[in-house]
Amino acid sequence: MTTPMLQIDDLHVHYGAIHALHGVSLAVGQGQIVTLIGCNGAGKSTTLRTVSGLLRPTAGRVLFEGKPIHGRPPHEIVRLGIAQSPEGRGIFANLTVDENLAMGSFARRDRAEAARDRERALDLFPRVRERLKQNAGTLSGGEQQMLAMARALMARPRLLLLDEPSLGLAPQIVQTIFKIIREINAAGTTILLVEQNAHKALEVAHRAYVLEVGRIAMEGDARDLARSDAVRKAYLGVA
Amino acid sequence: MDGVAVGSLYALIALGYTMVYGILQFINFAHGDVFVLGAWVSFAAAGAVGLSVGDQTAVPAWLVWLLGAVSAGALAAALYEFVLRPRLGAGRPPATRLTWPLAGVSVVGWGTLLLLVATRGVVAGGSHTIAGGMILVLAMSTCGLVGFCLERLAYKPLRSAPRLNVLITAIGVSLLLQNLGQLEWMFGTRPDRMPTLVPDTVLFRIGHVPVRLVDVMVVATALVLMVLLDWLVFRTKMGRAMRAVSFSPTNAALMGVDVDKVISFTFVLGSVLAAAAGFLYGQKYPGLNQTAAAGWVLLGLKAFVAAVIGGIGNIRGAMLGGLLIGLLEFFAVQYVPEGASLRDIFVFGALILVLLVRPSGVLGKAVTEKV
């Protein structure tokens, strides 16, 4: 079996005295979209923040392409090829849209290639292109989400971490966002998607994990999970 | 003209307050003391190039040179590494491998240059312009180094501590700097006289206001530095990173920004500007008080007021605030009866007024939480 792109083994994370992750294990294969679904406070964002190096695990390992990365600082992890579009979009509202994009390629030194990626990202998100000179704080929620994803792509990641890209957006925009997630994946980027919108997430994902209070409750093929009774009841709102 | 000159110095100092606040949301109360240190290092450096009036400091000349050369080298390397190199663009080896050799090269380079001027200064009485430039660079880089060390030793360990702890630490650092400067082997407890580098001539008059050469020098130097800073913050990659960190350190880290480096860089920048202000202040008012004198503290405080009036965290606001405060102060001295003894009242009165009417400062934006 080939080594997965991202492998998390028995991960424990604490916020002070609070035990947030109780031994989470998951794997993201090369070229896949893997989704991590679950309720508020289940530990989805905590998992992503630990992968990005914003949090240090108290136990367990995070392997990227077979090499351990847990405990390394976030700015080094970006350079390894993992970019995150954070929860709440994390737009720099005091910078212009263009400057936000430039922040995405902060870690890169290949200017010409970065300029090409910028064009590619803007082709993917035409709405962002229309607003390049604007202050990023003036964008609507949907536009901010598109900017956040375009910005993450500017790092030319091999693994893209998306934290709740559909949060607080109108259904139509959610549709667009998920269509683009598919396109990004089709172009060769592996994606780990954290979502509360389980329905949409299971539709685009290859594999899925269900997180419940810091533990993996279920895992499997996304389509199988979407059909399973437990998931339908708890997350898809089907009685 | 005094108002413009002193105002531009307030602006230089205020920039340090406002930049650190913008990034760490805390007031670095030791910043005013870095300004004082800048003035005294200039004095020591002037002594070392052989320019002095009356007393010498106890600081041996070779120590001044060594410190200056090392820190100037490091500063040059840092500026090259963080500001210029990213602009030069592609196809260069990664940062860390180049930094140290580069620092070495510039240390040697600066060292030789400084020695050259030193000899010239001693032998021929020296070219005052070059000597002045050297003293300025030396004061700036020494204080830059001090700023770097302060942040690393005093503030960085408290990064996750409550804000009040950091504030108290800043006051402690301030007292430490004030009292260190009083030690006999540093600058001593007696006031000294800074050698002036330009003759005291009146260049021309605007109305009946005389414009002196020293005023022009102070304003021009301050202006150049502020334009450079503005360029750095708004036009370079490092400046973009600074602004990103000031908005959200976490998200900046996710972009690949080494937040600690940006914070250190900010402290160094602020200290460098404060040191320049210290040097220029010594040229304008050559009587240097001992480092813990109340007058110094007041100057630092007024610069802080300038930062608040301009809008704390706002770089262009700090520049404007500095000028406003300087002008207000000297207009009061000139036109209000008994104004000279009431000048501070006007400055702090303006602070109260601004806080009442427009608490976020002249150029500051009201902080609104967007949900």
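Predicted model: local features only at pLDDT ≥ 70, side-chain atom pairs only at ≥ 80, totals over all residues.
View 1. Residues are numbered from 1 along each chain as its sequence is written, and chains are lettered from A and ligands numbered from 1 in the order in which they are written. B:C143 is buried, at 0% relative accessibility, whereas B:C149 is partly exposed, at 33%. Here buried means under 20% relative accessible area, exposed means over 50%, and partly exposed lies in between (1.4 Å probe, protein chains only).

**View 2. A nonpolar patch on the surface of chain B.** Which residues form this patch? They are B:L203, B:F204, B:I206, B:V209 and B:V216, with about 410 Å² of accessible area together. Patches are made of residues with over 30% relative accessible area and no salt bridge; like charges are joined within 9 Å, and nonpolar side chains (Val, Leu, Ile, Met, Phe, Trp, Tyr) within 5 Å. A salt bridge is a side-chain nitrogen of Lys or Arg within 4 Å of a carboxyl oxygen of Asp or Glu. The areas come from the Shrake-Rupley method with a 1.4 Å probe, and for residues only the protein chains shown count as cover. Strand β2 (residues 202-206) of chain B gives the most to the nonpolar patch, with three residues. B:V209 belongs to strand β3 (residues 209-212) of chain B and is partly exposed at 34% relative accessibility. Strands (E, at least two residues) and helices (H or I, at least four) are DSSP runs, numbered from the N terminus.

**View 3. The six-stranded sheet of chain A.** Follow the order β6-β7-β8-β3-β9-β10 through this open sheet, whose pairing is mixed. At the edges stand β6 (82-85) and β10 (215-221) of chain A, each with a single partner strand, so one side of each is left without a neighbour in the sheet. On average, neighbouring strands of this sheet are turned by 15° against each other, direction ignored; the axes are lines fitted to C-alpha atoms, for helices over the stretch in contact, and angles run from 0 to 180 degrees between N-to-C directions. Two strands pair if DSSP finds at least two bridges between them.

View 4. β6(A) runs parallel to strand β7 (residues 159-163) of chain A, joined to it by four bridges. A:Q84 is found in strand β6 of chain A, and its bridge partner in β7(A) is A:L161. A:Q84 is buried at 3% relative accessibility. Its C-alpha atom is separated by 8.6 Å from that of A:L159, 75 residues apart along the chain. A:L153 lies in helix α6 (residues 141-153) of chain A and is buried at 15% relative accessibility. The C-alpha atoms of A:L153 and A:A83 are separated by 7.4 Å, with the two residues 70 apart along the chain.

**View 5. The four-stranded sheet of chain A.** This open sheet has the order β2-β1-β4-β5, with antiparallel pairing. Its edge strands are β2 (18-28) and β5 (67-68) of chain A, and each pairs on one side only. Eight bridges pair strand β1 (residues 6-15) of chain A with β2(A) in the antiparallel sense. A:Q7 has A:A27 as its bridge partner in β2(A).

Methods:
Heavy atoms only, no water.
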